[in-house]
Amino acid sequence: MSFKYKVMNTGILGLARAVSYMPDQLLTTLSKKQLEKVRFPEGRDFILSFMKTLKHRWRSLNPNVRKKLVENMVGNYFINSREKRYKMEAELGCSPLLFVISPSMRCNLVCTGCYSAHYDRSDALDYATLDRIMREAKEAGIYYVVVSGGEPFVRDDLMTLFEKHNDMTFMVYTNGTLIHTKKLAPKLAKLGNVVPCISIEGYEAETDERRGKGTYKKIMSAMDSLKKEGIFFGYSVTPTKFNNEMLVSDEFVSFMVKKGASIGWYFNYMPVGRQPDTDLMTSPEQRAYRLKRMGELRKTQDITVADFWNDGMLTGGCISGGRSYFHINSSGDVEPCVFAQFSVDNILNKSLKEVLMSDFFRSIRSRQGEMGNHLRPCMIIDRPQVLRDHVLRFGAKPSQPGAETLLTGKLAAEVDGIATEWKRYADKIWTENGGIPEVDTGHHIGDNHVIHCTTTASKTVKPVATLKPVAAVKPAVKTVVSKTVASKTVVSKTVASKSTAKTNATKIKGSRNIESTQIVDM
Ligand code: SF4
């Protein structure tokens, strides 16, 4: 590290410490001008919420963690990598901020319905390959990597990787149990550059029901040790029809804050994997409710929450295909997104830059800018024809068993119905809050007609926390109406409360086998 950057990092560390003593109101006032430059109100709330969370936690964080947050996240991620990213943008037409990598599908747990037991458990990504990918990532200006799986901590060599690339930040999606069993918290504190996000299903009943008896206690122990060591960490949840309201309740989120979590990730159940089940997906009302709650939680809870689908407003829509991120699975297949399990390239025989330049990825990126309503950003569940068209046109191969079921037949028809119903809600919320309605400009790709639009979001969109009641939208699709009604019944039974935990767990058990990518660890 050059002398200039050492001085800069020392200055930022000192500033962060001074800010940690500042009243919240003063921080809000001082950052007002900068925040006004952020396009959407949701984006301003998100950044302000993150700054406050960091400010409140700062002095309780381990000094190594503080140092690495400044050096890696502020210095390398935001400042030093800028030139490299400009170069990438000019050269490739994209410069992703991060990528997700799944070094292994192995796991120490056998959760109900988990897909990983069915997937290839040999680790095609050996240490040398992972090391090469990290080096190429930094050359491309990427200093932030999300590690998923399987359970990442089954591989001890990952700790060596994190240590070797200590100028990068690694966010690790984990079931948390090995943090407890292997006593990893002190080692993570020493490293400082790892942000664990622990998957949890709710309270003890829900978590043990799905992940095995005793898992919840190990997770609690892991969180306690991470908090004690001053590690910046979070939780990760999968909202389904049965737990959506509980997971966004003040009670559950406050509980996670008390346990020391600083970030809460929400990954809506997705019908992907070997036995996808659309009945587990949240209804349109539930998704709209979660959208509203995210806005409220950011203003009222001492934690930063993010919703991978409903936060399209923060990211300007879908971020897949290398626009902001992509996924490398444990076989080395490069997928546009963790949930879009199709690939044309494998990282074992191509460089990071080469895979980002595939026609498949480039076409996906070119379509993202056309999607006007960022409340339905997803080419898998909101605009399923976009994914199908791309897979067909570019000959992308399913990179996980069962991925192809999204393309045709019963599952495809069900996803189409869900997308149509969500469109009615999302378009209403979007336009009522100042978004410009989408229009069909007749764009075609392959042999299929695809709806897209030429509009972009209005700058005057109101905060989602002030959204009008969405119940005003009357369901139009008969088959979806019955699902919606059914889910309302469920909602009334699952409103957050520890006392309802058993009911929820029983319901999940009673449903068909849960089998999805994100139901486990993202
Ligand atoms: S494809 Fe869907 S899930 Fe993947 S990044 Fe885009 S919006 Fe998110």
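In this tour, Ala, Val, Leu, Ile, Met, Phe, Trp, Tyr, Cys and Pro count as nonpolar, Asp, Glu, Lys and Arg as charged, and the others, Gly among them, as polar. What you see is a predicted model, in which local features need pLDDT of at least 70 and side-chain atom pairs count only at pLDDT 80 or more, while totals for chains, interfaces and linings use all residues. Residues are numbered from 1 along each chain as its sequence is written.

Begin with the ligand. Select F308, C318, I319, S320, C337, F339, A340, P377, C378, M379 and I380, which surround the ligand; a residue counts as near a molecule if its C-beta atom, placed from the backbone, lies within 6 Å of it. By class, this shell has 10 nonpolar residues, one polar residue and no charged ones.

Next, turn to the sheet. Helices (H or I, at least four residues) and strands (E, at least two) are DSSP runs, numbered from the N terminus, and two strands pair if DSSP finds at least two bridges between them. Here 10 strands form an open sheet with mixed pairing, in the order β7-β6-β5-β4-β3-β2-β1-β8-β9-β11. Its edge strands are β7 (304–307) and β11 (345–346), each of which pairs on one side only. Inside this sheet, select β5 (residues 234–237) and β6 (residues 263–266), which run parallel and are joined by four bridges; S236 stands opposite W265 in β6.

Then look at the backbone of two loops. G150 lies in the loop between β2 (144–147) and α7 (157–164), and a cis peptide bond, with omega of about 15°, joins G149 and G150. In the loop between α8 (177–181) and α9 (185–191) you will find K183, which has a positive phi of about 50° although it is not a glycine.

The last stops are pairs of helices. Two packed helices are described by the angle between their axes and the distance between the axes. Axes are lines fitted to C-alpha atoms, for helices over the stretch in contact, and angles run from 0 to 180 degrees between N-to-C directions.

Select α2 (residues 24–36) and α3 (residues 41–57), which pack at an angle of about 140°, with their axes 11 Å apart. That makes α2 oblique to α3, as angles under 35 degrees count as roughly parallel, over 145 as roughly antiparallel, 65 to 115 as roughly perpendicular and the rest as oblique. To find where they touch, select D24, L27, T28, S31 and L35 in α2, which meet R44, I47, L48, M51, K52 and K55 in α3; two residues are in contact if their C-beta atoms, placed from the backbone, lie within 7 Å. The residues of this contact divide into five nonpolar, two polar and four charged.
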